[in-house]
Amino acid sequence: MKHRIGVIPGDGIGPEIVREAQKVLDAAGKKYDFELDYTEILMGGASIDVHGVPLTDEAIETAKSGEAVLMGSIGGDAKTSPWYQLPPNRRPEAGLLGIRKALNLFANLRPAYLYEELRAACPLREDISAAGFDMLIMRELTGGLYFGERHTVTENGLRKAVDTLEYNENEIRRIAVKGFDIARKRRHKVCSVDKANVLDSSRLWRAVVEEVARDYPDVELSHMLVDNCAMQLVKDPAQFDVILTENMFGDILSDEASMVTGSIGMLSSASLNETKFGLYEPSHGSAPDIAGQNIANPIATILSAAMMLRYSLDLDEAADAVEAAVRKVLADGYRTADIWSEGCMKVGTIQMGDLIAERV
Ligand code: IPM
Ligand code: MG
């Protein structure tokens, strides 16, 4: 069976980590008898350099024509890169926001899991990390503050900037449904995170989530205010199964959740629409400071590729094999620099890809 996949290597460490993910996917294909036909897509800074814009219509069409997109990361150093001399709507990040919107990828899944082998890297106190944790942040990805109307004006010599946070009930309902569906495949718990003590958008969020919950009597729903959630993530992360939240809260909380796992270099993500189509990317950024040095951790991208196999291509067995290979490599003591600790073997990006591909 042949599958058409769009590949966005992107900027910074993007190309090198995507290469390793493709290596692992190809190994899985050999073993589980499928073939991936990759089409490269330019986005972010790489697209600006060629086309002057971070995302072209052609890139969107190519992405749409496949079954899924595998992505590295986009963006550069905001202080030194010429990309950041451009107006905000033509910078690399605008390409990422643009493709999410164009492909209607409203559901962003960000799992955060504490690997037994990486417990030493967990920055939490030992009595907290001992309980372990395994959560999934379900972040709304195409609405809210990041897509609302915004502008900056000068009124009577005073500069003023406005951003708007807007959600309608359909946007809330569809992400809530995804959240409850996923919870059914996990531990049947949803914690909906909002700021309902202040924001109208959060009060609507809470009401709609409660309506959706009526169709899922087997799933336990709780609500938490976002500031409390930020605290609970470091105090008692084991309490969480699915965290369901809006765009900006999910952006912030998912970085926090990834850090408590010990390394942002381990965390995958999937962005899905109503169909099987998805865009798969590591939760981390493009780390331009370490690009091209063969030291970046490719695991987050490899795990994102596993999510692609599972959610978009229905190749569950192959997805399990890739995830097991990652665990095996960690158990065998191999680490990239970001997760290295005393007594482990330090390996580079390419070698980590080889070691995982061998174990698939
Ligand atoms: C992320 C990133 C993006 C976001 C940026 C680069 C626009 O931080 O994927 O979390 O906020 O969504
Ligand atoms: Mg972010």
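Reply:
**Cavities and the ligand site**

The residues lining the largest cavity fall into four nonpolar, two polar and two charged. Keep in mind that this is a predicted model. That lining consists of Y167, V193, D194, S201, S202, W205, E246 and F249, and the space inside comes to about 40 Å³. Two elements, β8 (189-194) and α7 (200-213), each contribute at least two of the lining residues, with α7 giving the largest share, three residues.

In total, the structure has two cavities of 30 Å³ or more. The second largest cavity holds about 30 Å³ of space, and its lining is made up of R4, I5, G6, T39, T62, S65 and G66. Here β1 (2-10) and α3 (57-65) are the elements that provide two or more residues, and β1 gives the most, three residues. By class, this lining has one nonpolar, five polar and one charged residue.

Now to the ligand. Around ligand 1 sit E93, R100, R110, R139, Y146 and D251, a shell with one nonpolar, no polar and five charged residues. Both domain 1 (1-122 + 262-360) and domain 2 (132-261) supply residues to this shell, so ligand 1 lies between them. On its own, ligand 1 has 320 Å² of accessible area, and the protein covers 75% of that.

How values were computed: Residues are numbered from 1 along each chain as its sequence is written. Chains are lettered from A and ligands numbered from 1 in the order in which they are written. This is a predicted model: local features need pLDDT of at least 70, side-chain atom pairs count only at pLDDT 80 or more; totals for chains, interfaces and linings use all residues. Side-chain values use heavy atoms; hydrogens and water are left out. A residue is near a molecule or strand if one of its heavy atoms lies within 4 Å of it. Accessible areas come from the Shrake-Rupley method with a 1.4 Å probe; for residues, only the protein chains shown count as cover. Ala, Val, Leu, Ile, Met, Phe, Trp, Tyr, Cys and Pro count as nonpolar, Asp, Glu, Lys and Arg as charged, and the others, Gly among them, as polar. Domain bounds come from an automatic or database domain assignment. On a 1 Å grid over the protein atoms alone, a cavity is a set of points where a 1.4 Å probe fits but cannot get out, and a pocket is an open set with protein on both sides within 12 Å along at least five of seven lines; lining residues have an atom within 4 Å of a point. Grid points are joined across faces, edges and corners, and a volume is the space filled by probe spheres set on the points. Helices (H or I, at least four residues) and strands (E, at least two) are DSSP runs, numbered from the N terminus.
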